[in-house]
Amino acid sequence: MASSQAAFPSVLSSRDSADAPAFNGVLPSGSWFYTTAAIVLSLLILEQTVYRYKKRHLPGDNWTIPLIGKFADSMKPTMEGYMKQWNSGALSAISVFNIFIVMASTTEYARKILNSPTYAEPCLVHSAKQIILPNNWVFLTGKEHVEYRRGLNQLFTRKALGLYLNIQDVITRKYFAKWLAEAAKDPSAKPIMMTARELNMETSLRVFCGNHIPEHGAKEISDKYWMITVALELVNFPLAVPGTKVYAAIQARKAAMKWLELAACKSKESVAAGNPPECMLEEWVTILNDPAYKGRREFSDHEMAMVVFSFLFASQDAMSSGLIYGFQHLADHPEVLAKVREEQERVRAGDYEKPLTLEMMDEMPYLRAMVKETLRVKPPVTMVPYKTTKAFPISADYTVPSGSMVIPSFYNALHDPEVFPDPEAFLPERWLDPNSSANTNPRNYLVFGSGPHKCIGIEYAMMNIALVLADAAVLLNWEHEVTPLSEKVQIIATLFPQDGCKLKLSPRQHA
Ligand code: HEM
């Protein structure tokens with residue numbers, strides 16, 4: 001109280017002495033008010049000063065909205081909003097909840113951030129740690145991360161991918177049969193947003209865990225997984241209490257982990273019984289049991305389950321986005337679909353039941369180009385947040401302060417007109433000529449990131465999207481019901497067409 005009075009002497013002295021008794025009565029609360037106001041004002045000025053000091057000459061608002069900054073924009077992100085920010089400069093600044101953020105829009109800056117592990121490391125949204133568990137390997141950095149990841153690379157060798165391909169083919173055909181049966185009952189166009197997600201989920205679960213998870217377990221994981229996707233918003237209610245999205249996501253993770261741990265345990269038993277590996281977990285156990293293997297050997301069921309969960313977490317949304325846009329692009333470009341079909345006819349030689357093999361996939365360069373192009377035009381992941389662990393001299397005239405967020409954009413690199421002429425156009429042909437600017441500038445292809453945290457599942461992801469579209473090309477006809485929202489992008493962690501891509505399916509007849 002004494003200090004608050006001292007802080008406002010002029011207010012006291014300006015009062016008439018006749019007011020004194022009454023004034024004495026209200027003095028304490030009035031004084032508190034002024035003190036609080038002074039503190040709040042000082043903090044607000046400090047906030048603006050710190051923001052301006054960190055931002056220096058970078059483009060971006062000169063003032064940040066007190067406390068929340070651009071919170072409202074981050075709640076409902078739009079491509080238009082991001083574009084505006086990226087177009088404001090190669091580096092630009094914003095603030096959200098007092099987190100100072102530098103957005104990097106060029107290929108060079110994006111690559112520099114991703115490839116400077118001594119200055120910046122991935123920064124998953126706050127809720128991610130609660131959902132994936134803080135001791136999950138994905139939170140490792142530096143040497144520890146490199147070593148852990150080296151062991152996991154064994155799960156994506158060509159030999160391993162060959163094992164997964166057959167599972168992918170079987171599940172895809174099973175789902176197409178189901179989709180066609182549903183379309184026979186009701187042939188109207190329906191959004192494939194959720195059905196494509198279900199297909200991806202079952203494919204991933206069977207590739208990772210084989211048949212060690214019963215049907216109802218797979219269904220439980222799939223049904224609850226949406227809770228995890230929606231809890232990944234940039235800003236969420238910080239406490240995981242019942243009723244919040246993060247709480248629901250944690251329950252979903254617990255349910256998934258129970259089944260994944262069971263799968264790890266059963267995989268160990270199967271390999272111990274002398275069975276050859278039939279899924280990723282069994283392949284992993286087989287590698288660990290190999291006396292020639294030089295890496296770490298002991299992995300508990302829980303640790304293996306956490307790795308599998310990290311793969312589900314990293315892949316489910318991105319793969320679904322890639323697949324949905326793949327269907328949409330093919331439907332909207334019948335000339336491309338015709339070429340994909342021609343290639344399929346040639347490779348399959350009229351046998352549409354024959355399971356696909358890696359060798360057959362190798363003979364489909366047009367399909368590969370098409371998948372590369374669909375992921376370029378609509379990259380599922382447009383940016384990945386990193387955070388600076390120390391002051392990061394990103395350019396000759398700007399240093400990102402320590403503890404800031406730095407967010408490289410992949411979108412601009414993938415839509416650079418110098419490298420991809422007519423960048424919005426869907427042109428798989430640009431990938432067919434080894435001397436094309438697309439092929440001679442691999443630095444721009446940031447769909448899967450770059451540097452030590454570059455996506456570990458690239459080959460598997462590309463192969464899965466290619467396989468599903470290859471099977472679709474020969475088994476299905478699909479018509480896209482174009483709506484005013486088809487070209488509008490919805491950002492739910494990854495990109496999706498706002499209308500969920502409405503397709504009318506029918507079986508493809510062969511002569
Ligand atoms: C179209 C599908 C996919 C896209 C677009 C995609 C994209 C990405 C991107 C942009 C990153 C961050 C890279 C960086 O920071 O430089 C990433 C990381 C990662 N991805 Fe993918 N991904 C896809 C599918 C998959 C699949 C299928 C898996 C696993 C089976 C997977 C597992 C991971 C993991 C574990 C990381 C973190 C790697 C690390 O920190 O070392 N992703 N992915």
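Predicted model: local features only at pLDDT ≥ 70, side-chain atom pairs only at ≥ 80, totals over all residues.
Angles under 35 degrees count as roughly parallel, over 145 as roughly antiparallel, 65 to 115 as roughly perpendicular, and the rest as oblique.

**Entry 1: H12 and H13.** I looked up helix H12 (residues 245–272) against helix H13 (residues 280–289) and found an angle of about 55°, with the axes 9 Å apart. H12 and H13 are therefore oblique to each other. The crossing of the two is right-handed. On the H12 side I listed Ala263, Ala264, Ser267, Lys268, Ser270 and Val271, and on the H13 side Leu281, Glu282, Val285, Thr286 and Asn289. By class I wrote down 5 nonpolar, 4 polar and 2 charged residues for this contact of H12 with H13.

**Entry 2: H9 and H10.** Next I took helix H9 (residues 158–185) and helix H10 (residues 193–209), whose axes come within 9 Å and cross at roughly 150°. H9 and H10 are therefore roughly antiparallel to each other. I recorded the crossing of H9 and H10 as right-handed. From H9 the contact uses Tyr164, Ile167, Gln168, Ile171, Thr172, Tyr175 and Trp179, and from H10 it uses Thr195, Leu199, Glu202, Thr203, Arg206 and Val207. I sorted the residues of the contact of H9 with H10 into 7 nonpolar, 4 polar and 2 charged.

**Entry 3: H14 and H17.** I then checked helix H14 (residues 301–332) with helix H17 (residues 365–377), which pack at an angle of about 105° with their axes 9 Å apart. That makes H14 roughly perpendicular to H17. H14 brings Gly322, Tyr325, Gly326 and His329 to the contact, and H17 brings Val371, Thr374, Leu375 and Val377. For the contact of H14 with H17 I noted 4 nonpolar, 4 polar and no charged residues.

**Entry 4: transmembrane annotation.** Where does UniProt place the feature "transmembrane region"? The unreviewed entry gives residues 32–51 and 86–106. I compared each span with the model. Residues 32–51 are 100% helix and 0% strand, and their end C-alpha atoms lie 28 Å apart. Over residues 86–106 I found 10% helix and 57% strand, with the end C-alpha atoms 8 Å apart.

**Entry 5: domains.** I looked up the division of the protein and found domain 1 (1–55) and domain 2 (134–381 + 446–507). Taken over C-alpha atoms, the centres of domain 1 and domain 2 are separated by 59 Å.

How values were computed:
Residues numbered from 1 in each chain as written. Axes fitted to C-alpha atoms, helices over the stretch in contact; angles between N-to-C directions. Helix = DSSP H or I, 4+ residues; strand = E, 2+ residues; numbered from the N terminus. Left-handed = near helix turned anticlockwise from the far one by under 90°. Contact = placed C-beta atoms within 7 Å. Nonpolar A, V, L, I, M, F, W, Y, C, P; charged D, E, K, R; others polar. Domains from an automatic or database assignment. UniProt positions renumbered as here; feature names shortened; annotations may be inferred.
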